[in-house]
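Opened a new structure today and jotted down what I looked up.

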Amino acid sequence: MKQVTLPGGERVPALGMGTWNIGDHRATRAEEIATLQMGLDMGLRLIDTAEMYGEGLSESLVGEALAGRRDDAFLVSKVYPHNASRRGAVAACERSLRRLGTDHLDLYLLHWRGDVPFEDTIEAFQALQAAGKIRHFGVSNLDLSDMEEFWDTPGGDAVAVNQLLYNLSRRGIEFDLLPWLRERNVPVLAYSPIEQARLLRNAGLKGFAAQHGMTPAQAALAWLLASDDIIAIPKTGQRDRLRENLGALDITLTPEQLAELDTLFPPPRHAQPLAML
């Protein structure tokens, strides 16, 4: 399993499992739990969730999947911006912990920027660390100016990751934000790495994948895995799809293949507004 090093030195899998829209329907629950458990069995230890996902339904499902094997996972969750005050984030984290059936998170993220000052959120994160409720903290959906402000806020330079929308069709962060993060050794947690399956229907990617003996999903994931500081968290609730995703770990794209993908999906030539889903 390829790994990515967090700023503090801990190494985590470069391929994990997202859970957006997982846990919403009773009919698919058993397969979703089986998929998460199979992923853990196969080394996909990083599981990403959030209090927003199904208003806690995703966290509850993840907790059920992790019952009796919490130590197998590097567990990530996120706090709503309106809950990210000094007291609000602590209370929100406690609720997430109850739903997840655990006493700590490995990584806790601010889901996106809201009206609460960064100073208050960071103080809450530090209090949760001191209490042993979280091990690392980070952010999600922060653009360059927000990241600069967060970093310059006391304690903000302890940020472990920035979770961002990043895939072949969403490369805007490469112009300014990604270089800034790389200068500070802050990895990107790439959500929607296959653009909620829309990339699978892209004619150019389909042709590339067929030519090189892989599926479109594997090509999209292998492109992200070619970087040493990107953690991809594709979401699937189906075991066959998970097996397909795992196949990306066996693919090492050549410089020629990477150049071909640059032609199909050109990198940005100017700064762009931060993309979000």
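My notes follow, entry by entry.

I'm working from a predicted model here. I traced the strands to begin with: eight of them make an open sheet, ordered 3-4-5-6-7-8-9-10, with parallel pairing. Strand 3 (17-18) and strand 10 (230-232) sit at the edges; each has a single partner strand, so one side of each has no neighbour in the sheet. I then zoomed in on the strand 3 end. Strand 3 pairs with strand 4 (residues 46-48) in the parallel sense, over two bridges. Gly 18 is opposite Asp 48 of strand 4.

**Core.** Which residues touch the most other members of the largest nonpolar core? I found Tyr 108 and Leu 205, out of 87 residues in that core. Helix 8 (residues 216-225) is the top contributor to this core, giving eight residues. I listed the contacts of Leu 205, skipping its neighbours within four places in sequence: Leu 168, Leu 199, Pro 216, Ala 219, Ala 220, Leu 261 and Phe 265.

**Helix pair.** How do helix 1 (residues 29-41) and helix 2 (residues 57-65) cross? Their axes come within 9 Å, at an angle of roughly 60°. Perpendicular would start at 65 degrees, so I logged helix 1 and helix 2 as oblique to each other. The crossing of helix 1 past helix 2 is right-handed. On the helix 1 side, the contact uses Arg 29, Glu 32, Ile 33, Leu 36 and Gln 37. Helix 2 brings Ser 60, Leu 61, Val 62, Glu 64 and Ala 65 to that contact.

Key. Residues are numbered from 1 along each chain as its sequence is written. This is a predicted model: local features need pLDDT of at least 70, side-chain atom pairs count only at pLDDT 80 or more; totals for chains, interfaces and linings use all residues. Side-chain values use heavy atoms; hydrogens and water are left out. Two strands pair if DSSP finds at least two bridges between them. Helices (H or I, at least four residues) and strands (E, at least two) are DSSP runs, numbered from the N terminus. A nonpolar core is a set of buried Ala, Val, Leu, Ile, Met, Phe, Trp, Tyr and Cys residues joined through side-chain atoms within 4.5 Å. Buried means under 20% relative accessible area, exposed over 50%, partly exposed in between (1.4 Å probe, protein chains only). Contact means heavy atoms within 4.5 Å. Axes are lines fitted to C-alpha atoms, for helices over the stretch in contact, and angles run from 0 to 180 degrees between N-to-C directions. Angles under 35 degrees count as roughly parallel, over 145 as roughly antiparallel, 65 to 115 as roughly perpendicular and the rest as oblique. A crossing is left-handed if the near helix is turned anticlockwise from the far one by less than a right angle, and right-handed if clockwise.
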